Amino acid sequence: MSKKRTLRGEVAIVGIGETPYYKHGQSPDAQFKLTLMAILAACEDAGIDPRKIDGIASYADDKNPPDRVAAALGFEQLRFSNMVWGGGGGGGSGAVGNAAAAIHAGFADCVVVYRGLAQGQGARFGSAAHYPTAVAGEAATWIPYGMMSPAQIFAMRTTRLMHERGIDRSTMRAVSMASYHHAQSNPRAVMHGRPLDEEGYDSARWITEPFRLFDCCLENDGAAALILVPADRAKDMRQQPAYLLGSAQGAEYRSGAGGHNNPDYATSSFKTVGPNLFEMAEVGPSDIDVVQSYENFTGGVVMSLIEHGFCSYEEANEFVAFDNLIAPSGKLPLNTSGGNLAECYMHGLELNIEAVRQIRGTSPNPVAGAEVAFVNSGPMVTPATNMIVGSEATL
Amino acid sequence: MSDAPVLPEGLPTPMPLPDGLDAPYWEGTRNHELKVQRCNACRGWQWTAEYICHRCHSFDLGFETVPGESRIFSWQRPHHPVHPALAAACPYVVVLVEFPDADGIRMVGNLVDPPEGEIPIGARVEPVYEDHTGQPDYTLVQWRLA
């Protein structure tokens, strides 16, 4: 007898929590305290005693280890702890997938996924001032050439995308303007009250060509957390469950080859991970009501949308347009809380939370009747990850 | 045209891996030669250095001089100084150079005397060896439009 191997509908997100989001360096609280505050907020949202959490899932670069979290909150026991490899925010959706896999496999009954990140207390990601005086290995083939920050690491993929596929700068601008537009109705957003128009985007300073200032994510302080439980338990809880329909992680052939030698260069790393997600979720791109797509840099969002089949390369300049990307009227509302560009750069976990809010109908920019919400984390990294959540009606 | 390095001193400097995996590359640059990995079994080119050939899984890899021409595959022009040493150096141009006759391997470098505006993707470039004193001494491989 063979049983289909899937997470579809087995686990639900029942709690979400966030601290206030701050510009880097402006949090009055320490990073670990922020992490605890977000977890407690997610438990309060779910109506769960934090002591009953028995699993922890996060992703690379989180500096808030599970032993300390479990001890600080007095978990009765810890049955599962896990982290997605990689760097930056590529693992956010994968952490949700791993949490669900642990619950489905019986490792744990209640798993928290979190990110605590106070760039004002550690190193700012956009600065290389703290780098060592000498470097070896693969990084030694590019760091000494003044290629050090994430923007610089990903800029040449975007240059190549524009060259190979004819993607216009206005397409990247639309992504940025959609995030800023949505942030204006989200009081939590760091860029609330700071609208962006075409002229503002076009006249902003270069960070590294082809990226201007508003192509780049923010640097922030804060924390975010989600609580997952088995689907049969979720029904009786405080909030409307957002059921995990699928999650996938990884990258295509030799995506992680050193020194920018990945054979398919101008990619967000979702050419295999995208189809794998839709296969598990048993939906297609046209079934998605609202998209949260990780903006480390706008070029990566354009690649992600294409590689997940929301449009083709040829359609991108026309389809990835501001009017199509905004809630509630657009064909494909994008980053409806403001995302990494304008709400907060919480390594993308704020995007996973916003997907849950869309299913609940509590987004600051709700998409009417949203039943299926999509998230992709950290484009252009390896592993890259994604997830789809749905309402009870989608099961 | 200038003999000054593209970027000022003070950036992180490169050093060979302690296990010797990429030592022939760095020794080659000191001699103003561009040597990368080539599999002695299947004769495929590979970069950056790894212990195994990703095609045939042979561990028998040597280093040979990269053949043929080199072309600009992609580029960027940093304007924001992300490191204190770059404060007076921006903007500068980083290029990703492709070697079509060596299985399309690529290398990152700086473009010496770059033109204003768009950098021509597909243009032929030639290496410029930029010697530095350090711990140890090292040579960066820069590129100039041919």
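Mentor: Two strands pair if DSSP finds at least two bridges between them. Helices (H or I, at least four residues) and strands (E, at least two) are DSSP runs, numbered from the N terminus. This is a predicted model, in which local features need pLDDT of at least 70 and side-chain atom pairs count only at pLDDT 80 or more, while totals for chains, interfaces and linings use all residues. Residues are numbered from 1 along each chain as its sequence is written, and chains are lettered from A and ligands numbered from 1 in the order in which they are written.

Trainee: What is the order of the open sheet of three strands in chain B?

Mentor: The pairing in this sheet is antiparallel. Its edge strands, β3 (45-46) and β4 (61-65) of chain B, each pair on one side only.

Trainee: Which residue of β4(B) stands opposite B:Cys39?

Mentor: Strand β2 (residues 35-39) of chain B runs antiparallel to β4(B), and five bridges join them. The residue opposite B:Cys39 is B:Leu61.

Trainee: Which element gives the most to the side of chain B that touches chain A?

Mentor: Contact here requires C-beta atoms, placed from the backbone, to lie within 7 Å. On that basis 33 residues come from chain B and 38 residues from chain A. Elements giving two or more residues to chain B's side are β1 (13-15), β5 (70-78), β6 (94-99) and β7 (105-110) of chain B. With six residues, the element that gives the most is β7(B).

Trainee: Which residue in β5(B) does A:Thr208 stand opposite?

Mentor: Strand β7 (residues 206-209) of chain A pairs with β5(B) in the antiparallel sense, over two bridges. The residue facing A:Thr208 is B:Pro78.

Trainee: Is B:Val82 buried or exposed?

Mentor: B:Val82 is found in the loop between β5 and β6 of chain B, and the residues it touches include A:Met148 and A:Gln152. A residue is buried if 20 or more other C-beta atoms lie within 10 Å of its own, exposed if 12 or fewer, and partly exposed in between. B:Val82 has 24 other C-beta atoms within 10 Å, so this residue is buried.

Trainee: How is α5(A) oriented relative to α9(A)?

Mentor: Helix α5 (residues 169-183) and helix α9 (residues 298-307) of chain A pack at about 100°, with their axes 9 Å apart. Axes are lines fitted to C-alpha atoms, for helices over the stretch in contact, and angles run from 0 to 180 degrees between N-to-C directions. Angles under 35 degrees count as roughly parallel, over 145 as roughly antiparallel, 65 to 115 as roughly perpendicular and the rest as oblique. The orientation of α5(A) to α9(A) is therefore roughly perpendicular.

Technical notes: Two residues are in contact if their C-beta atoms, placed from the backbone, lie within 7 Å. Lists of a residue's contacts leave out its neighbours within four places in sequence.
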